[in-house]
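Notebook open, viewer loaded. I'm going through this one piece by piece and jotting down what I look up.

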Amino acid sequence: MFDAPMPDAPTSDARTIAPPPAPTAHPAAPASPRRRDALVASGLVHRFGQVVALGGVSLTIPAGQSVAVMGPSGSGKSTLLHCLSGILTPDAGEVTLGGGRVSTLRDADRSRLRRERFGFVFQDGQLIGELPARENVALPLLLAGMGRAAALAHADSWLERLGVGGDMRLRRPGELSGGQAQRVAIARALVHDPAVIFADEPTGALDQATGHEVMQILTTTASMAGATLVVVTHDPHVARWCSRLVEIRDALVHSDTLATSTPLPTTGTALPRQEDAR
Amino acid sequence: MSTLTWTARLGLATRLAGARLRDTGGSGALDLFAVGANAVTAWLSFVVASGTWMFVQRRAQPPAWLTTLDDADAAMVVPTTHVILAAMACALLVWPILSLGGAAARLGARGRARRLASLRLVGMTSGEIVSMSVVESLVQAAAGVLLGALAWTASLPLLGLLTFQNTPVAPAELAMPWWLWLGVVAVLLALAAASTALGLTRVRISPLGVSRQATPPALRAWRLAALAAGVFVIAALGGVMQAPLGALVMGLVFAGMLGIAIGLVNLFSPWLLQLIARLGVRTGSPARLLAMRRIVADPRSAWRNVSSLALLGFLVGMIATIPLGTDAFGGLDSLNEMLLADLRTGAVLTLAIALALGSASTALAQSSDVVDRADELVALDKMGVPPALDATARRHQVALPLLATLVLSLGLGVAAALPLVQSLPRMAVLGPSSVAILALTVVGALALSLLAAESTRPLRRRVLGARVRRND
């Protein structure tokens, strides 16, 4: 399935995306280049009542890699994302980032970790409806203590880079198209220079063409920023944008394949993959 | 075509209410809040009605203290004055009571909204859904009326601590006749039914989902021009009042002036709140930014929460200028001293009831907002945003409209009363008692509103703590 021909060509080329904005001089601005660490899951078990969502999942994600997590409904892929990102605490096993334990941190420390070192992109953006695009993007920086002017300037440069600059920066999410809103969500995920970006069905609410566009932007910008990318998706076309595919079935890793060449396809060429890269 | 009987609608409504109460997302809690709000509305309605009834009774049979006075007319005139003042207090409290009752009904309707779409999908008509929702609201209101009656009974000893006409309030005096009970209950139930039906017209229920109307556009500055025009009209009507007119015409002109004034305040204030909030968005504080943006996005809701306090704030501002000590008047006889004390007690009591109603409305609106924003709050929590951000934003969100309204209304009240007060001999302008009343009003109102905002914490915890397994 993974070697199927590529879907329609993405609407823009990866080369059109500018490099990440230069870091600001403000002390609260994210340090760049930030230390990139491997994300490691060892023997993760998680239950919801009697239902076993993860039955002992182990996974090592090197820094900077893009990983697609696929699987049928109820397979446990979102639970895996939630455990990896510290949203859920596994019943057994552990998650480490650069050797530091994530799963044993106190709730407040895990929140801080998510806020400062992770970025999130959700299916329907989940932007704050009352804030204009630029303030949505600036929010993580304001929470980190950056001044308003510097935070907005940083947000603006990201929005410009992702094609939602100009007047669109001032629009509220309800006044943006689905694709534009998802670009804003990507900018919000990247603005504080995270080590890992978690994307949960990032194209689930978009049409196919817009979905490809969003995936191209997400994978390209994450790659340029040197961030690790973990994407949970149902869609094999979306998964194809990542350099590695992990398939979850019945709460376990069913397969783990690695692309032999750098992704970011711009044509319908199939991506050869190396089986069983664990 | 409607095929569902009323019994079936009631049965379905009951089963849906049961399902909501088991829902971990917090929508069931909204039903409980709606019942609680109905209970507060009913309780305070009974307090106001029974108090007015007491004055009506005292008019027929004046208290012993009044009959012992040398002034023979006092026993006739004073009780009538108190009935009129009580009726005025009732009139002042009608709007806050209607606001809270309406908020309770709307809250229920919004909480049910998503489930209603499913009912449309399985074939229920829009009319059936509205009527079923009205039935649900009536059940909630009836439960609230029952609880309110119990609360009223429990509060009788407290009401007995009050003194009017130099005579303590006896619980027996507050016992209302059956027809008054029936009348108050009928009004409360009718209010709940009407508010639900009206509330659902703001929600488009289609089989594919329920959508609220799009975010309204920003309020325009023409409201300022309308305010100026309205003030001109009021001034013109004031000129008309100088002419020799019949009592009926005078009354109609005065009612017209009052109506225009209230309309103008309701037209202008949301715009003013939006303007103030727009200035407030220039902040580096994420919580304040969020609060100000929420007010900018929906200034009418912000105003609705505090609108009932505007007129009362104006009156308290006026009354606050009257010094507590009677020396300022050059000494008063015991009758006028009693009237002055009763006036102040009545005003403070009316304001306290209005504040309680206002804070209950705020708590309801904020709770409803927490449930409506459940997805957003969960997403922010996943991103590591501390829940304190939303809590702090809510505090700013309720404090700004409240403070703006109180400062303006109290200030206007003081300004309106000063010419009269200054004309009295030996009267201190804004003495310590005036400042104390004004400060206590602001501090009390602020404390109640912040308490109302804080009351959403358990609901937010419940929303964020809902760890159901997503169908992934």
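**Helix pair in chain B.** I began with α7(B) and α8(B), which count as roughly antiparallel to each other because their angle is over 145 degrees. I looked up the numbers: helix α7 (residues 222-242) of chain B and helix α8 (residues 247-280) of chain B cross at roughly 165 degrees, and their axes come within 10 Å. This is a predicted model, so I'm keeping that in mind throughout. For handedness I got a left-handed crossing of α7(B) past α8(B).

Next I wanted the residues that meet here. On the α7(B) side I noted, among others, Ala226(B), Leu227(B), Gly230(B), Val233(B), Ile234(B) and Leu237(B). On the α8(B) side the list includes Met250(B), Val253(B), Gly256(B), Met257(B), Ile260(B), Leu264(B) and Trp271(B). Sorting the residues of this contact by type gave me 16 nonpolar, three polar and one charged.

**End of chain B helix α12.** I checked burial in helix α12 (residues 374-382) of chain B and found Leu377(B), Ala379(B), Leu380(B), Asp381(B) and Lys382(B) buried. So the buried list there includes Asp381(B) and Lys382(B), by the cut-off of 20 or more other C-beta atoms within 10 Å. After α12(B) comes Gly384(B), and its phi is positive, near 95 degrees.

**Chain A, overview.** I count seven helices and eleven strands in chain A. Of its 278 residues, 51% are buried. I also looked at contact range: among contacts in chain A with a separation of 6 or more, 70% link residues 24 or more positions apart.

**Open sheet.** In chain A I traced a four-stranded open sheet, ordered β2-β1-β4-β5, with antiparallel pairing. The edges are β2 and β5 (100-101) of chain A; each has a single partner strand, so one side of each has no neighbour in the sheet. Inside it, strand β1 (residues 39-48) of chain A and strand β4 (residues 92-97) of chain A are joined by five bridges in the antiparallel sense. One bridge I picked out: Ala41(A) is partnered with Val95(A) in β4(A). I then found α1(A) lying across β1, β2 and β4 of chain A, at about 125 degrees to β1(A).

**A parallel pair.** What is the sense of the pairing between β6(A) and β7(A)? They run parallel, joined by four bridges. Phe120(A) has Phe198(A) in β7(A) as its bridge partner.

**Helix pair in chain A.** Helix α4 (residues 148-161) of chain A packs on helix α5 (residues 178-190) of chain A at about 135 degrees, with the axes 9 Å apart. That makes α4(A) oblique to α5(A). The crossing is right-handed. I listed who touches: Ala155(A), Trp158(A) and Leu159(A) from α4(A), with Val184(A), Ala187(A) and Leu190(A) from α5(A). By type, that contact is six nonpolar, no polar and no charged.

**Where the chains touch.** Last, the contact between the chains: 29 residues from chain A and 20 residues from chain B take part. On the chain A side, the elements giving two or more residues are β2 (51-61), α1 (77-84), α2 (107-117) and α3 (133-143). α2(A) gives the most, with five residues. I sorted the chain A side too, and got twelve nonpolar, ten polar and seven charged.

Notes:
Residues are numbered from 1 along each chain as its sequence is written. Chains are lettered from A and ligands numbered from 1 in the order in which they are written. This is a predicted model: local features need pLDDT of at least 70, side-chain atom pairs count only at pLDDT 80 or more; totals for chains, interfaces and linings use all residues. A residue is buried if 20 or more other C-beta atoms lie within 10 Å of its own, exposed if 12 or fewer, and partly exposed in between; C-beta atoms are placed from the backbone. Two residues are in contact if their C-beta atoms, placed from the backbone, lie within 7 Å. Ala, Val, Leu, Ile, Met, Phe, Trp, Tyr, Cys and Pro count as nonpolar, Asp, Glu, Lys and Arg as charged, and the others, Gly among them, as polar. Two strands pair if DSSP finds at least two bridges between them. Axes are lines fitted to C-alpha atoms, for helices over the stretch in contact, and angles run from 0 to 180 degrees between N-to-C directions. Angles under 35 degrees count as roughly parallel, over 145 as roughly antiparallel, 65 to 115 as roughly perpendicular and the rest as oblique. A crossing is left-handed if the near helix is turned anticlockwise from the far one by less than a right angle, and right-handed if clockwise.
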